[in-house]
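Please consult the sequence and the structure while reading.

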Amino acid sequence: MDELKLTSKLAAAGLKAQAERLRVVAENLANADTRPTQPGEEPYRRQVVTFRNALDRALGTESVRVDRVVPDGSDFRREFDPAHPAADAEGYVLAPNVNPLIELMDMREAQRSYEANLNVVKSAKALMSRTVELLR
């Protein structure tokens with residue numbers, strides 16, 4: 001039974017980490033078209049989640065945690081739009097470094113990881129219930 005509880009708690013840590021990742025991807029997608037309002041301003045910068053193994057003293061093992069959410073250092077896109085108020089002297093506006101296709105792939109990967117962890121929790125719960133029933 002202790003192994004099942006440990007398994008459930010580890011999967012719950014994975015659920016929490018992937019939920020944070022999904023939140024960041026949603027934020028990136030929501031700001032994919034955010035442009036600066038004045039020349040010289042920077043547009044929205046894509047955020048990236050980094051994970052780490054963390055010792056969980058209560059569990060006596062390591063589990064996954066969100067280490068931090070950091071800005072993606074890749075270059076901004078430049079789009080030609082001389083009528084935009086933030087256009088430079090050449091008529092270009094900086095656009096976010098968010099690629100919706102990459103964000104959707106990240107979202108799908110996080111969703112699958114979330115579902116896998118959720119299935120582990122459900123399976124552990126079912127096994128615990130069966131064990132209790134057998135012990136009665």
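## The paired strands

Within strand E4, Tyr92 is the bridge partner of Phe80. The model is predicted, so local features need pLDDT of at least 70 and side-chain atom pairs pLDDT 80 or more, while totals for chains, interfaces and linings use all residues. Residues are numbered from 1 along each chain as its sequence is written, and side-chain values use heavy atoms, without hydrogens and water.

Strand E3 (residues 77-80) pairs with E4 in the antiparallel sense over 4 bridges. Strands (E, at least two residues) and helices (H or I, at least four) are DSSP runs numbered from the N terminus; two strands pair if DSSP finds at least two bridges between them.

Buried means under 20% relative accessible area, exposed over 50%, and partly exposed in between (1.4 Å probe, protein chains only). Tyr92 is partly exposed at 30%, and Phe80 is exposed at 56%.

## The aromatic pair

There is 1 aromatic pair. The ring centres of Phe80 and Tyr92 are 5.4 Å apart with planes at 70°, so the pair is edge-to-face (centres within 6.5 Å; planes under 30 degrees apart are stacked, over 60 edge-to-face, the rest tilted). Because Phe80 lies in E3 and Tyr92 in E4, the pair ties together parts 12 residues apart in sequence.

## A buried asparagine

Asn28 lies in helix H1 (residues 2-30) and is buried, with a relative accessible area of 0%.

Notes
Rings of Phe, Tyr and Trp (its six-membered ring) pair if their centres lie within 6.5 Å; planes under 30 degrees apart count as stacked, over 60 as edge-to-face and the rest as tilted.
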